[in-house]
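Open the model in your viewer and keep the sequence panel beside it. At each stop, select the residues named and compare the view with the text.

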Amino acid sequence: MTARSDGTAPIPSVPGAAYRNLAVATIGFALTFWAWNLISPLGTTLGDKLSLSSFQQSLMVAVPVIVGSLGRVPVGALTDRFGAKTMFPLVTALTIVPVLLLVVVKDSYAGLLVVGFFLGLGGTTFAIGVPLVNSWFPPARRGFAIGVFGMGMGGVALSGYFTPRIYKHGENLPFVVLAVALAAFAAVSYFLLADRPDRVVPTTSLGKRLGDAGRLRVTWELAALYAIGFGGIVAFGVYLPTYLKTWYELSPTDAGSRAAGFALVTVIFRPIGGWLSDRVHPAVVTSWALGVVGVMAVCQAFEPHLVPGGTVFLLVMAAGLGTSSGSVFAMVARVTPPPQVGSVTGIVGATGGLGGFVPPLVMGAVYSAKSSYAIGFMLLSDLALAGCVYAYGRMRDVGPTPVPRQTA
């Protein structure tokens, strides 16, 4: 225990194994997130090659989000039951299959949709890492720790920057390189990850655990807020390269680099959101962050020049989205009983991912119909400001959820 100088209750010490698990899980999350976002940086290149419409391109880059989102629900519940030591290497290894299949289907739109669907498996590791990190860190440090783990979403930035550059040296090379990296991590993580020895293993069925988590009002409140924050990150991650290329007429490489910069800002601010939530109520942090997103979305809706206006608005928006993503999961750690963290994380994470599935389709459809993205940004501002008000008005009063009794 670490004593406090003000005489208040001491903060429990954190074992070294906690930091090892945090580091390994964050690296794995980044790699699998790269796989989840593998098609997006190549979206415009593949779209031009296959003569796809704006909506078809949007659908192609958005499809992996489906499984990566919905798959978090059962994967989170399975993590509660079998532990992250089993689930993380297993899911990572399975993700290799669709990554390599992209070599076969890259010249077929139908094939890309099918393989992209299964590529979404890489996005489910979020629901594995959160309960792992949550179990190893004391409540006073969980916000920051989960925020650090959330930096693994920087896999979007890695994909945006490296995938198009590797692709230039060989059309199959990015898929092969990532498959090798995933295989290496799957092997290493099996030996380095460890579930907490006193981890509570639920004895009830998968269906009952998901049902119990689904009956908690706070699950759906957090899911709605996360759908705005993290959903915005996912949406920009998969569609920003297309937006920059279409509206600002950037080259695919330049668009990918700038999109990677956007993703990097969200990565940096996610642990900041968690750190702030350890000191201020996470609902307050979430409210301010979403308020900033709403204002910046309105500014971008007026279609400013990319430099300096558009760049500033998009980067500040990225900071708000990253902060809110970290603060929302700080609330998950605060109000969810430990045996249910995986199940609740799965539902909240799934909703957040699905929140990123719809905007690219809307943006593509709006641009096809109106040749403008203004309506899409105004819709984002409406959602963000609504979340700002709800988080401040309702979520400040949410306290810890009682631990339910386990039955055999």
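This is a predicted model: local features need pLDDT of at least 70, side-chain atom pairs count only at pLDDT 80 or more; totals for chains, interfaces and linings use all residues.

**Stop 1: a network of charges**

Select Lys 49, Asp 107 and Glu 171, which are linked in a network of salt bridges. Side chains of opposite charge can pair when their charged atoms come close.

Show the side chains of Asp 107 and Lys 49 to see a salt bridge with an N to O distance of 2.7 Å. Asp 107 sits in the loop between α5 (84-105) and α6, while Lys 49 belongs to helix α2 (residues 43-49); the two are 58 residues apart and the pair links distant parts of the chain.

Now turn to Glu 171. Its salt bridge with Lys 49 has its closest N and O atoms 3.4 Å apart. Glu 171 is in the loop between α9 (155-168) and α10 and Lys 49 is in helix α2, so this pair ties together parts that are 122 residues apart in sequence.

Are these residues buried, partly exposed or exposed? Asp 107 is partly exposed at 46% relative accessibility. Lys 49 is partly exposed too, with a relative accessible area of 40%, and Glu 171 is partly exposed with 36%.

**Stop 2: a charged pair within one helix**

Select Asp 254 and Arg 258, whose side chains meet in a salt bridge at 3.4 Å, N to O. Both are in helix α13 (residues 252-277); because they are four residues apart there, about one helical turn separates them. Asp 254 is partly exposed, with a relative accessible area of 28%, and Arg 258 is partly exposed with 34%. The count of salt bridges comes to four.

**Stop 3**

Select residues 109-119, which form helix α6. Which residues of this helix are buried? They are Tyr 109, Gly 111, Leu 112, Val 115, Gly 116 and Leu 119. Look down the axis of α6: the buried residues fall within an arc of 145°, so they line one face of the helix.

**Stop 4: Val 67 in helix α3**

Select Val 67 in helix α3 (residues 54-70). Its relative accessibility is 16%, so Val 67 counts as buried, the cut-off being under 20%. Leaving out residues up to four places away in sequence, Val 67 touches Arg 72, Phe 117, Gly 120, Leu 121 and Thr 124. For a sense of scale, draw a line from the C-alpha of Val 67 to that of Cys 388: they are 28 Å apart in space and 321 residues apart in sequence.

**Stop 5: a nonpolar patch**

Together Val 188, Tyr 190, Phe 191 and Leu 192 make a nonpolar surface patch of about 430 Å². Tyr 190 lies in helix α10 and is partly exposed, with a relative accessible area of 47%.

Leu 192 is also placed in helix α10 (residues 173-192), and Leu 192 is partly exposed at 34%. What does Leu 192 touch, not counting residues up to four places away in sequence? It touches Arg 20, Asn 21 and Val 24. The C-alpha atoms of Leu 192 and Ala 17 are separated by 9.3 Å, although the two residues are 175 residues apart along the chain.

**Stop 6**

Select Glu 303, in the loop between α14 (282-301) and α15. Glu 303 is not a glycine, yet has a positive phi of about 55°. Glu 303 counts as partly exposed, at 28% relative accessibility.

Next, select Val 307 and Pro 308. The peptide bond joining Val 307 and Pro 308 is cis, with omega about 0°. Pro 308 is found in helix α15.

Finish at Ser 325, in helix α15 (residues 306-335). Ser 325 counts as buried, with 0% relative accessibility. The side chain of Ser 325 reaches the backbone oxygen of Leu 321 at 3.0 Å. Beyond its neighbours within four places in sequence, Ser 325 is in contact with Tyr 226, Gly 229, Phe 230, Ile 233 and Arg 270.

How values were computed. Residues are numbered from 1 along each chain as its sequence is written. Side-chain values use heavy atoms; hydrogens and water are left out. Buried means under 20% relative accessible area, exposed over 50%, partly exposed in between (1.4 Å probe, protein chains only). A polar contact is a pair of N or O atoms within 3.5 Å; within protein, one must be able to donate a hydrogen and the other to accept it, and residues adjacent in sequence count only if both atoms are side-chain atoms. Contact means heavy atoms within 4.5 Å. The arc is that of the directions from the helix axis to the C-beta atoms. Patches are made of residues with over 30% relative accessible area and no salt bridge: like charges are joined within 9 Å, nonpolar side chains (Val, Leu, Ile, Met, Phe, Trp, Tyr) within 5 Å. Accessible areas come from the Shrake-Rupley method with a 1.4 Å probe; for residues, only the protein chains shown count as cover.
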